Amino acid sequence: MKKDAVLEVSTSITNRLLEEIQNRAVRGEPVALARALRKPTNQTAMALVYEDTVFPPLFDRKLTKRILLAVRDMTQSGAAAGLIESADEEGIAITLAIEMIKPRLNLLVFGGGHVGQAVALIAALVGYGVTVIDDREEFASRQRLPDPRIKLLVSDYASAAGRLHISSNTAVVIVTRGHQYDELCLKNVINSEAGYIGMIGSRRRVLSVFKKLAGEGFPEAALQNVHAPIGLQIGARSPQEIAVAILAEIVRYVNNPTLGQKGE
C-alpha cells in the first residue's frame, strides 16, 4: 500500500473516532480512548472503548480483552487515566495508555427556591451544565439566576421531565417548595437513566414518600438508588450551606462511583 493511501486510511479512522466521541458527548455518554504502544518498534495504535466495544476492532483478542478489563476497572474506580503494561498474543510488550473522556455533567434542579437557586449558582461555577425547572415564572427567571450559563424552564412538574434530556450523565436534584411536588418530580425521573437522583426532605418525610411509591409499584431497587435526604451530613443550615452539602455529595458520587452511598 502506498504511503499516501496509508495516511488516508489513518485520517479516515481518526475522523471516525472524533465523530464517535462527539456523538456520545451529545448523548451524555462516556467513552475511553486507548492508545497501545508496541515495544520495541514504538508502533502506536489508537481505539475507542464504549459499551464493551473496541473501535476500530483489534485483531489481537488478548489485547482487546485486556483493554476492556482495564476500562471496566477504571469506570468502577472513577479513575480519569492510567498506564498499564501488558503483552499481545505474540508476547510483545505493550504499554496501554487509557484516558476516560466524560462529557460535562448535566444538573437538573427541580425547584428554583432558595436552595435550588444556591445549588444552580454554585454548580455553574463548578462547570456543570445547569437547568432550573420551576412552575413559577418568577422563580425561574434571570432576576434570580442571572448567570447565562444556567438554562431556565418554566413548566408544571408533571410534564417537565418529558421535556428534558436525561442520560447517565445527568444528576437530578429535587428541591421544590412542597413534598407533594417533590414526590411528583421523583415519580417522573425515578425510572430514567439519570446517574444521580437526590431529593430534599426529613428522614420521616422521605420514608413516607418511599413507602407510598413502593405501594404504587415502584421497584425497591429504584427507591434505594435515590439519595434522600439529599446531601452530605455537614451540619448545613442556610440554603447556601445546604447547596454545598448537595454538590459535595454529587461530586463524591460522580468521582467515586463505587461508594454507592445514599444521602445522609
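Leaving aside neighbours within four places in sequence, Y157 is in contact with F110, G111, I133, D134, D135, T176, R177, Y181, L184, C185 and N188, where contact means heavy atoms within 4.5 Å. The model is predicted: local features need pLDDT of at least 70 and side-chain atom pairs count only at pLDDT 80 or more, while totals for chains, interfaces and linings use all residues. Residues are numbered from 1 along each chain as its sequence is written, and side-chain values use heavy atoms, with hydrogens and water left out.

Y157 lies in helix α4 (residues 157-160); helices (H or I, at least four residues) and strands (E, at least two) are DSSP runs, numbered from the N terminus. With a relative accessible area of 3%, Y157 is buried, a class that means under 20% relative accessible area, against over 50% for exposed and in between for partly exposed (1.4 Å probe, protein chains only). Y157 and L121 are 36 residues apart along the chain, and 21 Å separates their C-alpha atoms.

Turning to the whole chain, the protein has eight helices and 11 strands. Its C-alpha atoms fill a box of roughly 70 × 35 × 35 Å, taken along the principal axes. Of its 264 residues, 44% count as buried. Among contacts between residues at least 6 apart in sequence, 58% join residues at least 24 apart.

The axes of α3 (residues 114-126) and α8 (residues 239-255) come within 8 Å and cross at roughly 55°; axes are lines fitted to C-alpha atoms, for helices over the stretch in contact, and angles run from 0 to 180 degrees between N-to-C directions. The two helices are therefore oblique to each other, the class left once angles under 35 degrees are taken as roughly parallel, over 145 as roughly antiparallel and 65 to 115 as roughly perpendicular. From α3, H114, V115, A118, V119, I122 and A123 meet P239, Q240, I242, A243, V244, I246 and L247 of α8. By class, this contact has 11 nonpolar, two polar and no charged residues (Ala, Val, Leu, Ile, Met, Phe, Trp, Tyr, Cys and Pro count as nonpolar, Asp, Glu, Lys and Arg as charged, and the others, Gly among them, as polar).

Among the strands, β5 (residues 93-101) pairs with β1 (residues 31-38) in the antiparallel sense over eight bridges; two strands pair if DSSP finds at least two bridges between them. Here R38 stands opposite I94 in β5. Strand β4 (residues 81-87) also pairs with β5 in the antiparallel sense, over seven bridges, and I84 stands opposite L96 in β5. β4 and β5 form a hairpin with five residues between them, and G91 in the turn has a positive phi of about 85°.
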